[in-house]
Amino acid sequence: MKNCAIVGINWGDEGKGRMVDLLTEDYDVVVRFQGGGNAGHTVINERGKFALHLLPSGIFRENVVNILGNGVAMDPENLWKEMQEVMSQGVDLTPDNLKISDRASLLLPWHRDMDELEEMRLADKKFGSTKQGIAPFYSDKYQKKTILAGELFYPEHLKAHLADLMEWKNLTLTKVYGAKPYTMEMLEAWIENACEKIKPYVANTGAFLKKAQAEGKSILFEAQLGSLRDLDYGIHPYTTSSNTTAAYAPIGSGFPGAKITDVVGVVKAYSTCVGEGPFVCEMFGDEAEELRKNGFEYGAKTGRPRRVGPIDIVATRYGVEVQAATEIALTKLDILSYMDKIPVCTHYEVDGKQTDEFPFPVALNDAKPVVEYFDGWKCDITGVRKWEDLPKAAQDYVLFIEKEIGCPITYVSVGAERESIIIRK
Ligand code: GDP
């Protein structure tokens, strides 16, 4: 029996989906415990290439049960769309291998409107939201102004509850933003076209997890985004609206008593960041464009070009600490093969002083990167499967990062495919 969380150490997009897809072989259950459809995992395996947003990355393995926990922003419309896409690519999704927590709050149709309207109001002060309604959803969840998935089994109660929420939300939509109000007909169509479709998958997943653990099954907890986007520990206010940290996994999964035994932190061999906010190690100009192109760094959900930079040791060390990572998977090392010299942001300079400490969010605005250069290896490493076969310069790069962040790098990924991995344990 093992309970393992796979989490992002940086800004997200580290390649968590790829690691979950690889490691699920040893697990019986995969649980998504936070976040929504606002980011995406790309998974490439023998069945094809898949862009997952809400679905857990264990859906490709037979005998793995996938759970969307209560901490997730459960968007019935987007989930149903994603399920149809994946099923059209030949993946079976049944109530036996996909279960939605009856305690998951539903992302309601107006949450997307609220996101869009607020970004418009903010104009040039916007945060770069993906407009999937995630922030308005979580605010309403904590105000207890959403619907639980389990309420779909109580149709009379559901309609009355929705009517109350609609009356409340229409006040903000019409009076604050001057937008159109919702009607019950619109909400009934939403129930019919989205909620009814996912209803067969809604279950008491907390009870399922407790029983699975009692039977000695192993559970993998899958996170979205990374440490620096955590609501409490990230770069406020440029964070997401949920906790992306392993410590939240037991709560958001529906199994509050779960003991997480392993935390695999996923780190990319260089840095990327989507959206606004301080990004100390950012590269610009041709150097950035070349890295972006080589790394295919365009958002899985939005197609937006990602901001790029060298690996940031200060931020990564902080991310490892926040996640209490027990081991690290370093991904996309192959992308750096084109570089003559590999930049590494080893320290920050704040107020003229060099520091290893990750600063308070506001102080990040004035932090400057201190960059050192490592020798490149200048050859294709995508076919390497054994540590001793990696060029010395690539080994030195990995070992330097390992020493600086103080956590063992047990996986080195050298390609997007499932088998493109070097295991060091
Ligand atoms: P996630 O949200 O953390 O799963 O990350 P994304 O899916 O947004 O980004 C990771 C991207 O890099 C995906 O397109 C993966 O297929 C790809 N990828 C993951 N690991 C590697 C690797 O080691 N090498 C290369 N070339 N691509 C990788």
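User: What's the make-up by class of the shell around the ligand?
Analyst: The shell has 8 polar, 7 charged and 3 nonpolar residues. Keep in mind that this is a predicted model.

User: OK. Which residues come nearest to the ligand?
Analyst: Lys 16, Gly 17, His 41, Thr 42 and Ser 413 do, out of 18 residues around the ligand.

User: And which elements supply at least two residues of that shell?
Analyst: Helix α1, residues 16-23, and strand β3, residues 41-45, each do.

User: Which one gives the most?
Analyst: That is α1, with 3 residues in the shell.

User: How much of the ligand's accessible area does the protein cover?
Analyst: On its own the ligand has 580 Å² of accessible area, and the protein covers 91% of that.

User: Which pocket does the ligand sit in?
Analyst: The second largest pocket.

User: Switching to the fold. How many strands form the open sheet, and in what order?
Analyst: There are 10 strands, running β7-β6-β5-β2-β8-β1-β9-β12-β16-β17, with mixed pairing.

User: Which are the edge strands?
Analyst: β7 (202-203) and β17 (421-423); each of them pairs on one side only.

User: Back to β7. In what sense do β6 and β7 pair, parallel or antiparallel?
Analyst: Parallel, over 2 bridges, with β6 covering residues 98-101. Within that pair, Ile 100 stands opposite Val 202 of β7.

User: Where is Pro 237?
Analyst: Pro 237 is in the loop that runs between β8 (219-226) and α8 (249-253).

User: Which residue other than glycine has a positive phi?
Analyst: Asn 63 is one of them to check, with phi near 75 degrees.

User: And where is Asn 63 found?
Analyst: Asn 63 is in a loop too, between β4 (48-52) and β5 (65-68).

Key: Residues are numbered from 1 along each chain as its sequence is written. This is a predicted model: local features need pLDDT of at least 70, side-chain atom pairs count only at pLDDT 80 or more; totals for chains, interfaces and linings use all residues. Side-chain values use heavy atoms; hydrogens and water are left out. A residue is near a molecule or strand if one of its heavy atoms lies within 4 Å of it. Accessible areas come from the Shrake-Rupley method with a 1.4 Å probe; for residues, only the protein chains shown count as cover. On a 1 Å grid over the protein atoms alone, a cavity is a set of points where a 1.4 Å probe fits but cannot get out, and a pocket is an open set with protein on both sides within 12 Å along at least five of seven lines; lining residues have an atom within 4 Å of a point. A molecule sits in a cavity or pocket if more than half of its atoms lie within 2 Å of its grid points. Helices (H or I, at least four residues) and strands (E, at least two) are DSSP runs, numbered from the N terminus. Ala, Val, Leu, Ile, Met, Phe, Trp, Tyr, Cys and Pro count as nonpolar, Asp, Glu, Lys and Arg as charged, and the others, Gly among them, as polar. Two strands pair if DSSP finds at least two bridges between them.
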